[in-house]
Amino acid sequence: MAKLTGLSEFLRTIRQGLEQTEQTARAEAQNGDCARKRKNHVSKPLQTETSKTLSVFEESPNNWQENYLERLPSEIILKILSSLDASSLFNISFVNKRFHDLANSNALWSVLYASEIEKKKWRPRVSVAEGVRSTHVEGKPVGYWKKMLLKEMAGYKDTMWKTELKHKNPHTGMPALTEEVLRRLHIQWEITLTFRNGRESVYKQTHTFFEDSSVTVFWSNGYWPLMHNLDSLKLHGIMCRPVGAPGDKPRWRSLICKTATDKSVYWVFLGYDRLVKLLQFGKIIIGVWRGNWRIAFIMINLHFHKLIEKSLLGSRFCPYIPTEDNAVDPDCVRHGYTLHIVLHNPVRRIMCQRFSPLYTSRVGLQGEYVQLNAVDFSDPSEHMPVVRICLPWQAEGLKGSVERCCMMTLTVLDEAQRPFWCVSSPVKMSSNPRVVDVEYEGEQFNILYEDAEGKVKMTFVWMEEFQHYFLVQLFTVFSVAKVKKHFWG
(Lines give C-alpha, C1' and ligand atoms only; values in the text may rest on other atoms or scores of the structure.)
Protein backbone atom coordinates (compact mmCIF):
# COMPACT_ATOMS: atom_id res chain seq x y z
CA MET A 1 0.00 0.00 0.00
CA ALA A 2 1.36 3.39 -0.90
CA LYS A 3 2.32 5.66 1.96
CA LEU A 4 -0.48 8.12 2.82
CA THR A 5 0.96 11.37 4.00
CA GLY A 6 -2.07 13.63 4.31
CA LEU A 7 -5.50 13.61 5.84
CA SER A 8 -7.18 14.73 2.63
CA GLU A 9 -5.75 11.83 0.64
CA PHE A 10 -6.73 9.42 3.42
CA LEU A 11 -10.37 10.57 3.56
CA ARG A 12 -10.66 10.81 -0.21
CA THR A 13 -9.46 7.22 -0.63
CA ILE A 14 -12.01 5.89 1.87
CA ARG A 15 -14.85 7.83 0.26
CA GLN A 16 -13.99 6.64 -3.24
CA GLY A 17 -13.86 3.02 -2.10
CA LEU A 18 -17.19 3.21 -0.34
CA GLU A 19 -18.87 4.99 -3.22
CA GLN A 20 -17.61 2.34 -5.66
CA THR A 21 -18.91 -0.42 -3.38
CA GLU A 22 -22.30 1.25 -3.04
CA GLN A 23 -22.59 1.77 -6.79
CA THR A 24 -21.95 -1.93 -7.33
CA ALA A 25 -24.49 -2.85 -4.66
CA ARG A 26 -27.06 -0.49 -6.16
CA ALA A 27 -26.54 -1.98 -9.66
CA GLU A 28 -26.97 -5.49 -8.31
CA ALA A 29 -30.13 -4.44 -6.52
CA GLN A 30 -31.60 -2.93 -9.66
CA ASN A 31 -30.68 -5.99 -11.78
CA GLY A 32 -32.24 -8.34 -9.24
CA ASP A 33 -35.38 -6.26 -9.10
CA CYS A 34 -35.79 -6.24 -12.89
CA ALA A 35 -35.32 -10.01 -13.08
CA ARG A 36 -37.98 -10.58 -10.48
CA LYS A 37 -40.36 -8.24 -12.26
CA ARG A 38 -40.00 -10.18 -15.52
CA LYS A 39 -40.47 -13.50 -13.78
CA ASN A 40 -43.32 -12.77 -11.42
CA HIS A 41 -44.89 -9.74 -13.13
CA VAL A 42 -45.21 -8.29 -9.66
CA SER A 43 -44.25 -4.72 -8.93
CA LYS A 44 -42.36 -4.41 -5.69
CA PRO A 45 -40.85 -1.28 -4.24
CA LEU A 46 -37.19 -0.88 -5.07
CA GLN A 47 -36.46 0.04 -1.47
CA THR A 48 -37.56 -3.40 -0.23
CA GLU A 49 -35.29 -5.32 -2.65
CA THR A 50 -32.42 -2.98 -2.00
CA SER A 51 -32.64 -3.53 1.73
CA LYS A 52 -32.32 -7.27 1.14
CA THR A 53 -29.40 -6.92 -1.24
CA LEU A 54 -27.22 -4.53 0.87
CA SER A 55 -26.56 -7.03 3.60
CA VAL A 56 -22.95 -5.86 4.00
CA PHE A 57 -23.88 -2.37 5.11
CA GLU A 58 -27.36 -3.16 6.46
CA GLU A 59 -28.42 0.25 5.26
CA SER A 60 -31.14 1.46 2.92
CA PRO A 61 -30.61 3.89 0.01
CA ASN A 62 -32.16 6.63 2.14
CA ASN A 63 -29.10 6.40 4.42
CA TRP A 64 -26.47 6.47 1.65
CA GLN A 65 -25.75 10.12 2.39
CA GLU A 66 -24.70 9.37 6.00
CA ASN A 67 -21.11 9.30 7.28
CA TYR A 68 -19.20 6.67 5.30
CA LEU A 69 -16.57 6.24 8.00
CA GLU A 70 -19.09 5.22 10.65
CA ARG A 71 -19.80 2.03 8.66
CA LEU A 72 -16.23 0.80 8.69
CA PRO A 73 -15.18 -1.69 11.38
CA SER A 74 -12.52 -0.49 13.78
CA GLU A 75 -10.07 -3.11 12.51
CA ILE A 76 -10.16 -1.67 8.99
CA ILE A 77 -9.71 1.90 10.23
CA LEU A 78 -6.73 0.83 12.35
CA LYS A 79 -5.21 -0.85 9.31
CA ILE A 80 -5.55 2.37 7.32
CA LEU A 81 -4.24 4.52 10.19
CA SER A 82 -1.13 2.34 10.39
CA SER A 83 -0.05 3.87 7.05
CA LEU A 84 -0.02 7.45 8.40
CA ASP A 85 2.99 9.29 9.76
CA ALA A 86 3.08 10.74 13.27
CA SER A 87 1.93 14.23 12.23
CA SER A 88 -1.11 12.98 10.29
CA LEU A 89 -2.00 10.49 13.01
CA PHE A 90 -1.85 13.24 15.62
CA ASN A 91 -4.13 15.52 13.57
CA ILE A 92 -6.72 12.87 12.74
CA SER A 93 -7.29 12.24 16.45
CA PHE A 94 -9.23 15.52 16.53
CA VAL A 95 -11.88 14.40 13.98
CA ASN A 96 -14.29 12.87 16.52
CA LYS A 97 -14.33 10.72 19.64
CA ARG A 98 -14.06 7.42 17.73
CA PHE A 99 -11.05 8.58 15.75
CA HIS A 100 -9.50 10.01 18.92
CA ASP A 101 -9.69 6.60 20.61
CA LEU A 102 -8.41 4.71 17.56
CA ALA A 103 -5.63 7.18 16.71
CA ASN A 104 -4.25 6.94 20.25
CA SER A 105 -3.84 3.17 20.06
CA ASN A 106 -0.58 1.99 21.58
CA ALA A 107 -0.20 -0.50 18.72
CA LEU A 108 0.10 2.35 16.19
CA TRP A 109 2.38 4.61 18.19
CA SER A 110 4.72 1.84 19.33
CA VAL A 111 5.55 1.07 15.69
CA LEU A 112 6.21 4.76 14.97
CA TYR A 113 8.33 5.05 18.10
CA ALA A 114 10.43 2.06 17.11
CA SER A 115 10.90 3.49 13.63
CA GLU A 116 11.97 6.89 15.04
CA ILE A 117 14.48 5.35 17.42
CA GLU A 118 16.09 3.29 14.66
CA LYS A 119 16.77 6.48 12.70
CA LYS A 120 19.17 7.74 15.39
CA LYS A 121 22.62 7.06 13.95
CA TRP A 122 24.36 7.65 17.26
CA ARG A 123 22.53 4.84 19.05
CA PRO A 124 23.99 1.31 19.37
CA ARG A 125 23.23 -1.00 16.48
CA VAL A 126 20.60 -2.92 18.41
CA SER A 127 17.14 -3.39 16.98
CA VAL A 128 15.01 -1.24 19.26
CA ALA A 129 11.98 -2.14 17.19
CA GLU A 130 12.32 -5.77 18.22
CA GLY A 131 12.51 -4.68 21.83
CA VAL A 132 9.35 -2.63 21.49
CA ARG A 133 7.50 -5.38 19.69
CA SER A 134 8.53 -7.97 22.28
CA THR A 135 7.10 -5.97 25.17
CA HIS A 136 3.47 -5.86 26.15
CA VAL A 137 2.54 -2.90 23.98
CA GLU A 138 -1.10 -2.78 24.97
CA GLY A 139 -0.15 -3.33 28.61
CA LYS A 140 1.11 0.26 28.81
CA PRO A 141 -1.30 3.09 29.67
CA VAL A 142 -3.17 4.65 26.75
CA GLY A 143 -1.00 7.29 25.11
CA TYR A 144 2.27 5.96 26.57
CA TRP A 145 4.00 5.31 23.23
CA LYS A 146 2.59 8.49 21.76
CA LYS A 147 4.11 10.49 24.59
CA MET A 148 7.43 8.67 24.17
CA LEU A 149 7.53 9.41 20.45
CA LEU A 150 6.61 13.09 20.78
CA LYS A 151 9.22 13.51 23.49
CA GLU A 152 11.80 11.89 21.23
CA MET A 153 10.84 14.14 18.31
CA ALA A 154 10.79 17.28 20.47
CA GLY A 155 14.16 16.51 22.00
CA TYR A 156 15.94 16.50 18.64
CA LYS A 157 19.66 15.87 19.23
CA ASP A 158 18.97 16.42 22.92
CA THR A 159 22.20 14.84 24.10
CA MET A 160 24.17 17.32 21.98
CA TRP A 161 22.59 20.52 23.25
CA LYS A 162 22.39 19.27 26.83
CA THR A 163 26.11 18.63 26.73
CA GLU A 164 26.74 22.11 25.30
CA LEU A 165 24.69 23.71 28.08
CA LYS A 166 27.00 22.26 30.72
CA HIS A 167 29.63 24.89 29.91
CA LYS A 168 28.91 27.86 32.20
CA ASN A 169 29.71 31.52 31.77
CA PRO A 170 31.89 32.34 34.82
CA HIS A 171 30.54 35.90 34.91
CA THR A 172 26.78 35.12 34.88
CA GLY A 173 26.61 31.48 35.96
CA MET A 174 24.36 30.73 32.98
CA PRO A 175 25.16 28.32 30.09
CA ALA A 176 27.71 30.10 27.89
CA LEU A 177 26.37 28.70 24.59
CA THR A 178 22.67 29.37 25.12
CA GLU A 179 22.40 31.84 22.24
CA GLU A 180 24.29 29.54 19.86
CA VAL A 181 22.11 26.53 20.76
CA LEU A 182 18.91 28.55 20.35
CA ARG A 183 19.96 29.66 16.88
CA ARG A 184 21.21 26.22 15.81
CA LEU A 185 17.97 24.52 16.88
CA HIS A 186 15.99 27.30 15.12
CA ILE A 187 14.01 28.06 18.28
CA GLN A 188 11.69 31.04 18.11
CA TRP A 189 8.74 32.28 20.12
CA GLU A 190 5.13 32.96 19.14
CA ILE A 191 2.38 34.96 20.78
CA THR A 192 -1.19 33.59 20.64
CA LEU A 193 -3.97 36.06 21.44
CA THR A 194 -7.32 34.58 22.47
CA PHE A 195 -10.35 36.80 21.94
CA ARG A 196 -13.49 36.87 24.03
CA ASN A 197 -15.42 35.05 21.32
CA GLY A 198 -12.91 32.16 21.45
CA ARG A 199 -11.07 33.02 18.22
CA GLU A 200 -7.27 32.91 18.28
CA SER A 201 -4.62 34.84 16.36
CA VAL A 202 -0.92 33.90 16.21
CA TYR A 203 1.97 36.39 15.79
CA LYS A 204 5.56 35.57 14.90
CA GLN A 205 8.47 37.36 16.55
CA THR A 206 9.80 40.49 14.84
CA HIS A 207 13.29 40.61 16.34
CA THR A 208 15.31 39.58 19.39
CA PHE A 209 17.99 41.20 21.54
CA PHE A 210 20.39 38.88 23.37
CA GLU A 211 22.13 39.72 26.62
CA ASP A 212 24.59 37.58 28.58
CA SER A 213 21.82 35.97 30.63
CA SER A 214 18.55 36.75 28.83
CA VAL A 215 16.86 37.46 25.50
CA THR A 216 14.28 40.15 24.81
CA VAL A 217 11.69 39.17 22.20
CA PHE A 218 9.67 41.79 20.31
CA TRP A 219 6.45 41.42 18.28
CA SER A 220 5.20 44.32 16.16
CA ASN A 221 4.26 43.01 12.68
CA GLY A 222 0.68 42.22 11.69
CA TYR A 223 -2.75 43.62 12.43
CA TRP A 224 -3.33 43.95 16.17
CA PRO A 225 -6.73 44.04 17.93
CA LEU A 226 -8.13 46.35 20.58
CA MET A 227 -7.23 45.53 24.17
CA HIS A 228 -10.84 45.22 25.35
CA ASN A 229 -11.46 42.39 22.84
CA LEU A 230 -8.80 40.13 24.38
CA ASP A 231 -9.31 37.40 26.93
CA SER A 232 -5.83 35.89 27.35
CA LEU A 233 -2.31 35.74 25.93
CA LYS A 234 -0.08 32.66 25.53
CA LEU A 235 3.63 32.46 24.80
CA HIS A 236 4.93 29.33 23.03
CA GLY A 237 8.42 28.22 22.12
CA ILE A 238 8.61 26.61 18.67
CA MET A 239 11.28 24.72 16.78
CA CYS A 240 11.22 26.11 13.24
CA ARG A 241 12.40 24.30 10.14
CA PRO A 242 15.69 25.50 8.66
CA VAL A 243 15.40 27.83 5.68
CA GLY A 244 14.82 25.78 2.54
CA ALA A 245 13.91 22.59 4.42
CA PRO A 246 11.10 20.57 2.73
CA GLY A 247 7.81 19.60 4.31
CA ASP A 248 4.79 21.33 5.77
CA LYS A 249 4.34 19.42 9.01
CA PRO A 250 2.96 21.39 11.98
CA ARG A 251 5.65 22.74 14.29
CA TRP A 252 6.04 21.59 17.88
CA ARG A 253 4.78 24.16 20.39
CA SER A 254 5.83 24.33 24.02
CA LEU A 255 3.81 26.57 26.32
CA ILE A 256 6.03 28.91 28.36
CA CYS A 257 3.45 31.12 30.03
CA LYS A 258 -0.19 32.14 29.85
CA THR A 259 -1.74 35.29 31.27
CA ALA A 260 -5.24 36.70 31.28
CA THR A 261 -5.72 40.18 29.85
CA ASP A 262 -9.33 41.01 30.78
CA LYS A 263 -10.35 43.76 33.18
CA SER A 264 -10.44 41.44 36.21
CA VAL A 265 -6.67 40.86 36.05
CA TYR A 266 -4.23 43.03 37.97
CA TRP A 267 -1.88 44.90 35.67
CA VAL A 268 0.75 47.62 36.08
CA PHE A 269 1.00 50.89 34.21
CA LEU A 270 4.69 51.31 33.31
CA GLY A 271 4.69 54.67 31.51
CA TYR A 272 3.89 56.48 28.28
CA ASP A 273 5.18 58.82 25.62
CA ARG A 274 3.29 60.93 23.09
CA LEU A 275 2.18 57.86 21.06
CA VAL A 276 1.88 54.76 23.25
CA LYS A 277 1.15 53.54 26.76
CA LEU A 278 2.97 50.57 28.28
CA LEU A 279 1.00 48.01 30.30
CA GLN A 280 2.55 45.12 32.22
CA PHE A 281 0.71 41.77 32.50
CA GLY A 282 2.90 39.44 34.55
CA LYS A 283 6.30 39.48 32.80
CA ILE A 284 4.85 40.68 29.47
CA ILE A 285 4.78 44.28 28.21
CA ILE A 286 1.92 45.34 25.92
CA GLY A 287 2.20 48.69 24.15
CA VAL A 288 -1.12 50.26 23.13
CA TRP A 289 -1.76 53.32 20.98
CA ARG A 290 -3.00 56.29 22.95
CA GLY A 291 -6.57 57.18 22.10
CA ASN A 292 -7.95 53.92 20.69
CA TRP A 293 -6.20 51.29 22.93
CA ARG A 294 -5.28 49.13 19.96
CA ILE A 295 -2.17 47.00 20.51
CA ALA A 296 0.98 48.42 18.91
CA PHE A 297 3.54 45.81 20.04
CA ILE A 298 4.33 43.15 22.64
CA MET A 299 7.67 42.37 24.26
CA ILE A 300 9.00 40.01 26.92
CA ASN A 301 12.36 39.33 28.52
CA LEU A 302 13.24 35.61 28.94
CA HIS A 303 15.92 34.48 31.38
CA PHE A 304 18.43 31.90 30.08
CA HIS A 305 17.86 29.61 33.09
CA LYS A 306 16.15 26.46 31.64
CA LEU A 307 14.99 28.52 28.65
CA ILE A 308 15.77 25.85 26.04
CA GLU A 309 14.00 23.19 28.08
CA LYS A 310 10.97 25.45 28.52
CA SER A 311 10.92 26.18 24.76
CA LEU A 312 11.16 22.52 23.72
CA LEU A 313 9.99 20.08 26.36
CA GLY A 314 6.55 21.43 27.23
CA SER A 315 3.36 20.79 25.28
CA ARG A 316 0.86 23.05 23.56
CA PHE A 317 -1.22 23.31 26.73
CA CYS A 318 1.17 22.48 29.61
CA PRO A 319 4.51 24.18 30.36
CA TYR A 320 7.72 22.35 31.17
CA ILE A 321 8.38 22.26 34.93
CA PRO A 322 12.13 22.10 35.65
CA THR A 323 13.47 19.93 38.44
CA GLU A 324 15.23 21.50 41.37
CA ASP A 325 19.01 21.07 41.71
CA ASN A 326 19.45 21.30 45.44
CA ALA A 327 22.78 21.67 47.19
CA VAL A 328 23.79 19.41 50.05
CA ASP A 329 25.34 21.78 52.60
CA PRO A 330 22.64 22.67 55.18
CA ASP A 331 24.25 25.83 56.59
CA CYS A 332 21.83 28.49 55.34
CA VAL A 333 23.45 31.59 56.88
CA ARG A 334 27.17 31.52 56.11
CA HIS A 335 27.05 30.83 52.40
CA GLY A 336 28.62 33.30 50.04
CA TYR A 337 26.25 34.31 47.23
CA THR A 338 26.84 35.96 43.86
CA LEU A 339 24.45 38.56 42.45
CA HIS A 340 24.53 39.42 38.75
CA ILE A 341 22.17 42.17 37.58
CA VAL A 342 21.58 43.76 34.18
CA LEU A 343 19.33 46.69 33.32
CA HIS A 344 18.67 46.88 29.58
CA ASN A 345 16.12 47.54 26.87
CA PRO A 346 15.50 45.94 23.44
CA VAL A 347 18.34 48.01 21.94
CA ARG A 348 21.21 48.35 24.41
CA ARG A 349 22.58 47.56 27.85
CA ILE A 350 22.05 50.22 30.53
CA MET A 351 23.89 48.72 33.50
CA CYS A 352 25.66 45.40 34.19
CA GLN A 353 27.24 44.56 37.56
CA ARG A 354 28.37 41.46 39.41
CA PHE A 355 28.66 41.37 43.20
CA SER A 356 30.49 38.52 44.94
CA PRO A 357 30.76 37.26 47.57
CA LEU A 358 27.66 38.45 49.43
CA TYR A 359 26.67 37.18 52.87
CA THR A 360 23.23 37.09 54.38
CA SER A 361 21.88 38.89 57.40
CA ARG A 362 18.63 38.13 59.18
CA VAL A 363 15.86 40.74 58.93
CA GLY A 364 12.22 40.87 59.95
CA LEU A 365 10.53 40.85 63.32
CA GLN A 366 11.13 37.15 63.81
CA GLY A 367 14.20 36.85 61.63
CA GLU A 368 12.14 35.06 59.01
CA TYR A 369 13.93 36.78 56.09
CA VAL A 370 17.52 37.04 54.93
CA GLN A 371 18.98 40.03 53.09
CA LEU A 372 21.85 40.43 50.64
CA ASN A 373 23.33 43.93 50.52
CA ALA A 374 25.11 44.62 47.24
CA VAL A 375 25.30 48.44 47.35
CA ASP A 376 25.16 50.21 50.72
CA PHE A 377 23.92 53.81 50.70
CA SER A 378 26.26 54.64 53.62
CA ASP A 379 29.40 53.70 51.63
CA PRO A 380 30.00 56.20 48.76
CA SER A 381 32.77 54.00 47.33
CA GLU A 382 30.11 51.48 46.28
CA HIS A 383 27.93 54.02 44.45
CA MET A 384 28.07 53.96 40.66
CA PRO A 385 26.80 56.08 37.75
CA VAL A 386 24.04 54.74 35.51
CA VAL A 387 23.11 56.16 32.10
CA ARG A 388 19.63 57.22 31.03
CA ILE A 389 16.97 54.57 31.77
CA CYS A 390 14.36 54.22 29.04
CA LEU A 391 12.52 51.69 26.88
CA PRO A 392 12.62 52.45 23.12
CA TRP A 393 10.09 50.91 20.73
CA GLN A 394 9.28 50.80 17.03
CA ALA A 395 6.02 49.74 15.35
CA GLU A 396 4.14 50.45 12.09
CA GLY A 397 6.86 52.80 10.87
CA LEU A 398 6.75 54.89 14.05
CA LYS A 399 9.13 54.90 16.97
CA GLY A 400 9.49 56.41 20.38
CA SER A 401 10.91 55.92 23.87
CA VAL A 402 9.24 55.65 27.29
CA GLU A 403 11.32 57.15 30.07
CA ARG A 404 12.17 55.59 33.44
CA CYS A 405 11.34 51.98 32.64
CA CYS A 406 13.42 49.08 31.31
CA MET A 407 14.05 45.35 31.60
CA MET A 408 15.78 43.82 34.61
CA THR A 409 17.61 40.48 34.48
CA LEU A 410 18.78 39.32 37.89
CA THR A 411 20.58 36.11 38.82
CA VAL A 412 21.50 35.05 42.35
CA LEU A 413 23.92 32.11 42.58
CA ASP A 414 24.84 30.08 45.62
CA GLU A 415 28.45 29.40 46.59
CA ALA A 416 28.57 26.44 44.17
CA GLN A 417 27.50 28.82 41.37
CA ARG A 418 24.10 27.14 41.04
CA PRO A 419 21.06 29.33 40.29
CA PHE A 420 19.30 30.30 43.50
CA TRP A 421 16.90 32.95 42.16
CA CYS A 422 16.43 34.06 38.54
CA VAL A 423 14.30 37.03 37.48
CA SER A 424 13.55 38.59 34.09
CA SER A 425 10.92 41.29 34.27
CA PRO A 426 10.06 44.84 33.22
CA VAL A 427 10.59 47.41 35.97
CA LYS A 428 9.81 51.09 36.37
CA MET A 429 11.28 53.93 38.40
CA SER A 430 9.06 55.62 40.97
CA SER A 431 9.82 59.08 42.33
CA ASN A 432 9.95 59.16 46.12
CA PRO A 433 10.84 61.72 48.78
CA ARG A 434 14.44 61.62 49.96
CA VAL A 435 14.27 58.52 52.14
CA VAL A 436 17.97 57.66 51.78
CA ASP A 437 20.38 60.14 53.32
CA VAL A 438 23.28 60.48 50.87
CA GLU A 439 25.66 63.31 50.02
CA TYR A 440 24.24 63.73 46.50
CA GLU A 441 21.69 66.45 45.85
CA GLY A 442 18.95 65.42 43.46
CA GLU A 443 15.63 63.70 43.05
CA GLN A 444 15.53 60.10 44.29
CA PHE A 445 13.91 57.20 42.45
CA ASN A 446 13.22 53.61 43.46
CA ILE A 447 12.95 50.42 41.44
CA LEU A 448 11.02 47.75 43.31
CA TYR A 449 10.43 44.18 42.23
CA GLU A 450 8.70 41.51 44.30
CA ASP A 451 7.33 38.02 43.64
CA ALA A 452 6.59 34.92 45.69
CA GLU A 453 10.31 34.06 46.03
CA GLY A 454 11.96 37.37 46.88
CA LYS A 455 12.25 41.13 46.60
CA VAL A 456 14.70 43.56 44.99
CA LYS A 457 15.09 47.25 45.78
CA MET A 458 17.29 49.77 43.96
CA THR A 459 17.61 53.47 44.84
CA PHE A 460 18.88 56.06 42.35
CA VAL A 461 19.69 59.77 42.60
CA TRP A 462 19.33 61.94 39.48
CA MET A 463 22.31 64.25 39.02
CA GLU A 464 21.08 67.08 36.82
CA GLU A 465 24.50 68.58 36.11
CA PHE A 466 25.89 65.25 34.84
CA GLN A 467 22.64 64.02 33.23
CA HIS A 468 23.22 60.68 34.93
CA TYR A 469 21.68 58.57 37.66
CA PHE A 470 23.72 57.30 40.57
CA LEU A 471 22.92 53.90 42.07
CA VAL A 472 23.21 54.38 45.83
CA GLN A 473 21.41 51.30 47.17
CA LEU A 474 20.79 47.71 46.02
CA PHE A 475 19.65 44.78 48.12
CA THR A 476 17.61 41.59 47.80
CA VAL A 477 15.46 39.83 50.38
CA PHE A 478 14.42 36.15 50.56
CA SER A 479 12.53 34.07 53.04
CA VAL A 480 14.47 31.69 55.28
CA ALA A 481 12.12 28.95 54.06
CA LYS A 482 13.38 29.44 50.48
CA VAL A 483 16.99 29.19 51.59
CA LYS A 484 16.34 26.01 53.55
CA LYS A 485 14.42 24.49 50.65
CA HIS A 486 17.30 25.20 48.28
CA PHE A 487 19.98 23.68 50.50
CA TRP A 488 18.02 20.97 52.24
CA GLY A 489 15.58 20.05 49.44
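I began with a definition: two strands pair if DSSP finds at least two bridges between them. With that in hand I opened this predicted model and went to the sheets.

**Entry 1**

I looked at E8 and E9 to start. Six bridges join strand E8 (residues 276–281) to strand E9 (residues 284–289), and the two run antiparallel. Across this pairing I found leucine 279 opposite isoleucine 286 of E9.

E8 and E9 belong to an open sheet of six strands, ordered E3-E4-E10-E9-E8-E7, with antiparallel pairing. At the edges I noted strand E3 (207–210) and strand E7 (268–272), each of which pairs on one side only. From one strand to the next, the twist averages 20°.

**Entry 2: the four-stranded sheet**

Next I traced an open sheet of four strands, in the order E2-E1-E5-E6, again with antiparallel pairing. Strand E2 (200–204) and strand E6 (253–260) each have a single partner strand, so one side of each has no neighbour in the sheet. Here the twist averages 20° from one strand to the next.

Inside this sheet I checked strand E1 (residues 187–195) against strand E5 (residues 230–239): nine bridges, in the antiparallel sense. Phenylalanine 195 stands opposite leucine 230 in E5. I also saw arginine 199 over the face of phenylalanine 195, at 4.2 Å from the ring centre.

**Entry 3: histidine 344**

Is histidine 344 buried or exposed? I got a relative accessible area of 1%, and buried means under 20%, so histidine 344 is buried. Histidine 344 is found in strand E11 (residues 337–344). Its side chain makes a polar contact with the side chain of threonine 409, at 3.1 Å. Leaving aside neighbours within four places in sequence, I listed its contacts, among them Phe209, Glu211, Asn301, Arg349 and Cys406.

**Entry 4: aromatic rings**

I counted 17 aromatic pairs. In one, the rings of phenylalanine 90 and phenylalanine 94 have centres 5.4 Å apart and planes at 75°, so I logged the pair as edge-to-face. Phenylalanine 90 is partly exposed at 33% relative accessible area, while phenylalanine 94 counts as exposed at 58%.

Tryptophan 421 and phenylalanine 478 have ring centres 5.4 Å apart and planes at 90°, so this pair is edge-to-face too. The pair links distant parts of the chain, 57 residues apart: tryptophan 421 in strand E19 (residues 419–432) and phenylalanine 478 in strand E22 (residues 468–479). Both residues are buried.

I placed them in one aromatic cluster, formed by Tyr337, Phe420, Trp421, Tyr449 and Phe478. Last, I noted the charged end of lysine 482 over the ring of phenylalanine 420, 4.6 Å from its centre.

Key. Residues are numbered from 1 along each chain as its sequence is written. This is a predicted model: local features need pLDDT of at least 70, side-chain atom pairs count only at pLDDT 80 or more; totals for chains, interfaces and linings use all residues. Side-chain values use heavy atoms; hydrogens and water are left out. Axes are lines fitted to C-alpha atoms, for helices over the stretch in contact, and angles run from 0 to 180 degrees between N-to-C directions. Buried means under 20% relative accessible area, exposed over 50%, partly exposed in between (1.4 Å probe, protein chains only). A polar contact is a pair of N or O atoms within 3.5 Å; within protein, one must be able to donate a hydrogen and the other to accept it, and residues adjacent in sequence count only if both atoms are side-chain atoms. Contact means heavy atoms within 4.5 Å. Rings of Phe, Tyr and Trp (its six-membered ring) pair if their centres lie within 6.5 Å; planes under 30 degrees apart count as stacked, over 60 as edge-to-face and the rest as tilted. A charge sits over a ring if NZ of Lys or CZ of Arg is within 6 Å of the ring centre and within 35 degrees of the ring normal.
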